[in-house]
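Hi,

Here is the structure I promised to pass on to you. Have a look at it first, and then read on for what turned up in it.

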Amino acid sequence: MLTLAAWAQTPRPGAKTPGVRIPIEKLKPEAVFDVPGSPDWIAIDESVWISNFPQGNVTRIDSKTNKVVGTIATGSKPCSGLATGFGSLWVPNCGDKTVTRIDLKTGEVKATIPTPIANSEGGIATGAASVWLMTDDKGTLARFDPDTNKVVAEIYIAAGSFVPAFGEGSVWVTSTAQDLVTRVDPKTNLVVETIKVGKKPRFLAIGEGAVWVLNQGDGSVSRIDPKTNKVTATIEAGVPGDGGDISAGEGSVWITSFEFPITRIDPATNKVAQQFAGPGGDAIRVGMGSVWLSNLRQHNVWRIDPRRVEATLPE
């Protein structure tokens, strides 16, 4: 994900794999939701939630009716990801250095939690009865108890770590500064392993049997086997630079970036299977049987059937 000020950059080259590039205009979404402002981070439970940095709110989409059902004010300048868990939506706010806790059913703000936030291009995760957030660029991983909204542990990992994700019984955190992924055991609050990945790793996803890391330095994806803590594949996606996002589910790994709103990786072959080129992109998530894509510059969100993606062929 990326703020408005950081749009300008060297054009991304795209994947070198022949026969995978498709104009984004050929892909027809199942639904398009207008979200004025800058629709950005996505979280999914029964509803789909979209954060909006300049608007200071989150938009709620009803996945059953395909309608926007409201917006909810957060703190100032929501940033650094969204997460659902423990009956709540968790929203970091860079403007006032808080996390807003919103009830998933009622949409009411239940708590505003003061906390430092390490980086606007970061993340927040839930798992092991806790909420996880990096709170500085020195490598402090804070563990919050959702029963009290208080920090109950601080775990010190590699400096320049910003994005945590939870899965395979562990917390995984990328260090953009040191080209590492740190695996933390939530049972002990101890580091299990540090894993060397590609250049400037940022966003990551867990699913389809692996941990998938989007490396902003060279636009590649590192595949980590959670059983061995080893990188088993490096996939050249051709989407280097700031921003972007990655998700895993519905039989594929999904990347978004400006210029290439959707890149689909086949986890069976560790290759780019499709890459859609053109305007759009910013954040991507898989849930409720769909792929959800926020298009920050177009001020909208797409809902796409993954089967329709696979059925869209190159020209």
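Let me start with an open sheet of 4 strands, in which the order is 2-29-28-27 and the pairing is antiparallel. Please keep in mind throughout that this is a predicted model. The edges of the sheet are taken by strand 2 (31-34) and strand 27 (282-287); each has a single partner strand, so one side of each is left without a neighbour in the sheet. On average, neighbouring strands here are turned by 15° against each other, direction ignored.

Strand 2 is worth a moment with the viewer open. Strand 2 pairs with strand 29 (residues 300-304) in the antiparallel sense, over 4 bridges.

Gln-298 is partly exposed, with a relative accessible area of 32%. Leaving aside neighbours within four places in sequence, Gln-298 is in contact with Pro-279 and Gly-280. Gln-298 and Pro-36 are 262 residues apart along the chain, and their C-alpha atoms are separated by 9.0 Å.

There is another open sheet to show you, again of 4 strands with antiparallel pairing, in the order 19-20-21-22. Strand 19 and strand 22 (230-236) stand at its edges with a single partner strand each, so one side of each is left without a neighbour in the sheet. Neighbouring strands of this sheet are turned by 25° against each other on average, direction ignored. Strand 20 and strand 21 (residues 220-225) are paired in the antiparallel sense over 5 bridges, and Leu-214 stands opposite Val-221 in strand 21.

Glu-208, in the loop between strand 19 and strand 20, has a phi near 55°, a positive value in a residue other than glycine. Asn-229 lies in the loop between strand 21 and strand 22, and its phi is near 60°, also a positive value in a residue other than glycine. Are these two residues buried or exposed, or in between? Glu-208 is partly exposed, with a relative accessible area of 31%, whereas Asn-229 is buried, at 12%.

Beyond its neighbours within four places in sequence, Leu-89 is in contact with a set of residues including Ala-43, Trp-49, Val-58, Leu-82, Ile-102 and Leu-104.

Trp-254 belongs to strand 24 (residues 252-257). Trp-254 is buried, with a relative accessible area of 0%. Leaving aside neighbours within four places in sequence, its contacts include Ile-246, Ile-262, Ile-284, Val-286, Val-291, Pro-306 and Val-309. Trp-254 and Ala-118 are 136 residues apart along the chain, with their C-alpha atoms separated by 25 Å.

The largest pocket has a volume of about 610 Å³. Of the 27 residues that line this pocket, Leu-82, Ile-124, Ala-165, Leu-204 and Arg-285 are the closest to its centre. Which elements give two or more residues to the lining? They are strand 3 (39-44), strand 7 (83-85), strand 11 (124-127), strand 15 (161-167), strand 19 (201-207), strand 23 (245-249) and strand 27.

Happy browsing, and best wishes

How values were computed:
Residues are numbered from 1 along each chain as its sequence is written. This is a predicted model: local features need pLDDT of at least 70, side-chain atom pairs count only at pLDDT 80 or more; totals for chains, interfaces and linings use all residues. Side-chain values use heavy atoms; hydrogens and water are left out. Two strands pair if DSSP finds at least two bridges between them. Axes are lines fitted to C-alpha atoms, for helices over the stretch in contact, and angles run from 0 to 180 degrees between N-to-C directions. Contact means heavy atoms within 4.5 Å. On a 1 Å grid over the protein atoms alone, a cavity is a set of points where a 1.4 Å probe fits but cannot get out, and a pocket is an open set with protein on both sides within 12 Å along at least five of seven lines; lining residues have an atom within 4 Å of a point. Grid points are joined across faces, edges and corners, and a volume is the space filled by probe spheres set on the points. Buried means under 20% relative accessible area, exposed over 50%, partly exposed in between (1.4 Å probe, protein chains only).
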